[in-house]
Amino acid sequence: MRIFLLSALASVTIASTAAAQDADIGRAHYQTHCATCHGLEGRGNGPMAGVLLIKPANLTELAAQNGGRFPLERVVKRIDGREPLVSHGSPMPVYGDYFEGRFDVPMPTGDGDPVLTSQPVVDLVAFLQELQRVE
């Protein structure tokens with residue numbers, strides 16, 4: 001009985017943590033860490049875009065470029081450093097330690113297996129999902 005209760009409690013904790021996304025906090029993270037390259041509207045035209053060797057992605061088209069489905073796991077892993085993207089000769093340095101290295105919050109992917117990441121990444125991804133253009 002004790003194991004069952006602990007298991008049930010863990011499931012509720014994971015479910016409530018996974019649902020705790022705040023796009024407003026994510027917007028603030030985006031403006032601080034991403035807009036310099038990706039632009040305020042996420043179209044890849046920020047003030048630093050012109051000096052980068054690889055043009056920043058248009059973040060409003062992530063779902064459209066993925067068959068209409070937001071590529072959540074790929075985006076999470078790019079932001080938290082597990083799939084580094086090299087632009088201007090090195091991984092995105094703006095993120096620094098703020099987004100990298102912590103994998104303590106489960107985020108549902110739609111495939112049944114959550115991806116673990118940090119709360120700042122969860123919030124940032126919630127904002128990025130709001131940016132997606134629907135055609």
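This is a predicted model: local features need pLDDT of at least 70, side-chain atom pairs count only at pLDDT 80 or more; totals for chains, interfaces and linings use all residues.

A: Let us begin with a backbone angle: just after α4, Gly81 adopts a positive phi of about 95 degrees. Residues are numbered from 1 along each chain as its sequence is written, and side-chain values use heavy atoms, with hydrogens and water left out.

Q: Where is Gly81 found, and is Gly81 buried, partly exposed or exposed?

A: Buried means under 20% relative accessible area, exposed over 50%, and partly exposed in between (1.4 Å probe, protein chains only). Gly81 lies in the loop between α4 (72–79) and β1 (86–87), and its relative accessible area of 31% makes it partly exposed. Gly81 and Phe99 are 18 residues apart in sequence, with a C-alpha to C-alpha distance of 7.6 Å.

Q: Which residues are buried in α4?

A: Leu72, Val75, Val76 and Ile79 are buried in α4. The arc of such residues is that of the directions from the helix axis to the C-beta atoms. Here they cover an arc of only 100 degrees around the axis, so they are on the same side of α4.

Q: How many of the 13 residues of α6 are buried?

A: In α6, 10 of the 13 residues are buried, so this helix is largely enclosed by the rest of the structure. Among them are Val121, Val122, Val125 and Leu131.

Q: At what angle do the axes of α2 and α6 cross?

A: Axes are lines fitted to C-alpha atoms, for helices over the stretch in contact, and angles run from 0 to 180 degrees between N-to-C directions. The axes of α2 (residues 23–33) and α6 (residues 119–131) come within 7 Å and cross at roughly 95 degrees. The two helices α2 and α6 are therefore roughly perpendicular, a term for angles of 65 to 115 degrees.

Q: Which residues of α2 meet α6?

A: Contact means heavy atoms within 4.5 Å. Ala23, Ile25, Gly26, Arg27, His29 and Tyr30 in α2 meet Pro120, Asp123, Leu124, Ala126, Phe127, Leu128 and Glu130 in α6.

Q: Is His38 buried or exposed?

A: His38, in helix α3 (residues 35–38), counts as buried at 10% relative accessibility. Not counting residues up to four places away in sequence, His38 touches residues including Tyr30, Arg43, Pro56 and Leu59.

How values were computed. Helices (H or I, at least four residues) and strands (E, at least two) are DSSP runs, numbered from the N terminus. Angles under 35 degrees count as roughly parallel, over 145 as roughly antiparallel, 65 to 115 as roughly perpendicular and the rest as oblique.
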